[in-house]
Amino acid sequence: MKHSSILKNIDLFLLDLDGTVYLGERVFEGAREFIKLLKENQKDFLFLTNNSSKSSEDYYSKLLNMGFEITKENVFTSGQAMGIYIKTIHKEKRSPKVYVVGTSSLKRELKSMGIFVVDSPNYNIDYLVVGFDTQLTYKKLLDACELIRRGVPFLATNPDLVCPLDGGRYIPDCGSICIMLENATKKKPVFVGKPSSIMVDIISNFKKVEKNKIAMIGDRLYTDIKMAKDSGMVAVLVLSGETRMEDVEASSLKPDLIYGSIKDIYEELKLVFGG
């Protein structure tokens, strides 16, 4: 019971979504029960996603429809982290002007946080924000290249190369879009989402929880596990998404705990909390 004794002492659980809690519209077995178990034992939790193509409101509605008993405060996205980060670094009194290579949901998220989102590069723009853009156009790429050439700070929500779909399929994510822009401009973005310490600091400060009392549960080595290991959190890998055991064996990033799925974590913790 060594694994579960580690998790029993955790105060805040961060749960990735795609590949960890669900794939597409299919909820993984044990996911709802795990959340119910955490609530019954007064353990705080956040659904933490790098997927900036949808807003926190979108995710909240989706999770409710999937049968999760949560509040809006249980959802945190890389889009929200981006908004907080911009407001932190922006020193002028006026609202920051931002050009977004992203979806309408990401734009709404940033607007709701008091950020002025523009749709043309013909402004005095403070920041370029690139997200997981399922509405990507070549015009947006041209505008982004022009803004980077001008010296506008290049920010990105997340470095994920692909977004997993049900059936073992994948589509290009924000990281792939950024590689294209980086190849064209020779400039690298500042990533705000996982595995960046920016997101960890925001959550730790907001929740007032020490990082060694936080567990990150996710399916990706280079985002979920890297962020946890770099920040002193407990790194919990599930093999239900992108990562396979052979990937772990070949990687220098070693999770603290490895489970087949969230159901396995639930079954183990249920025994501990019930004992």
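Predicted model: local features only at pLDDT ≥ 70, side-chain atom pairs only at ≥ 80, totals over all residues.
Residues are numbered from 1 along each chain as its sequence is written, and side-chain values use heavy atoms, with hydrogens and water left out.

The chain contains eleven helices and 15 strands, taken as DSSP runs numbered from the N terminus (helices H or I, at least four residues; strands E, at least two). With a radius of gyration of 19 Å, close to the 19 Å given by the globule rule for 275 residues, the chain is as compact as a globular protein of that length. The radius is taken over C-alpha atoms, and the rule is 2.2 Å times the number of residues to the power 0.38. The C-alpha trace spans about 65 × 40 × 35 Å along its principal axes.

Of the 275 residues, 56% are buried, that is, under 20% relative accessible area (1.4 Å probe, protein chains only).

Among contacts (heavy atoms within 4.5 Å) with a separation of 6 or more, 68% join residues 24 or more positions apart.

An automatic or database assignment divides the chain into domain 1 (1–50 + 195–274) and domain 2 (81–191). Their C-alpha centres lie 27 Å apart, and 14 residues of domain 1 are in contact with 16 residues of domain 2.

How values were computed
Buried < 20%, exposed > 50% of the residue type's maximum accessible area, 1.4 Å probe, protein only.
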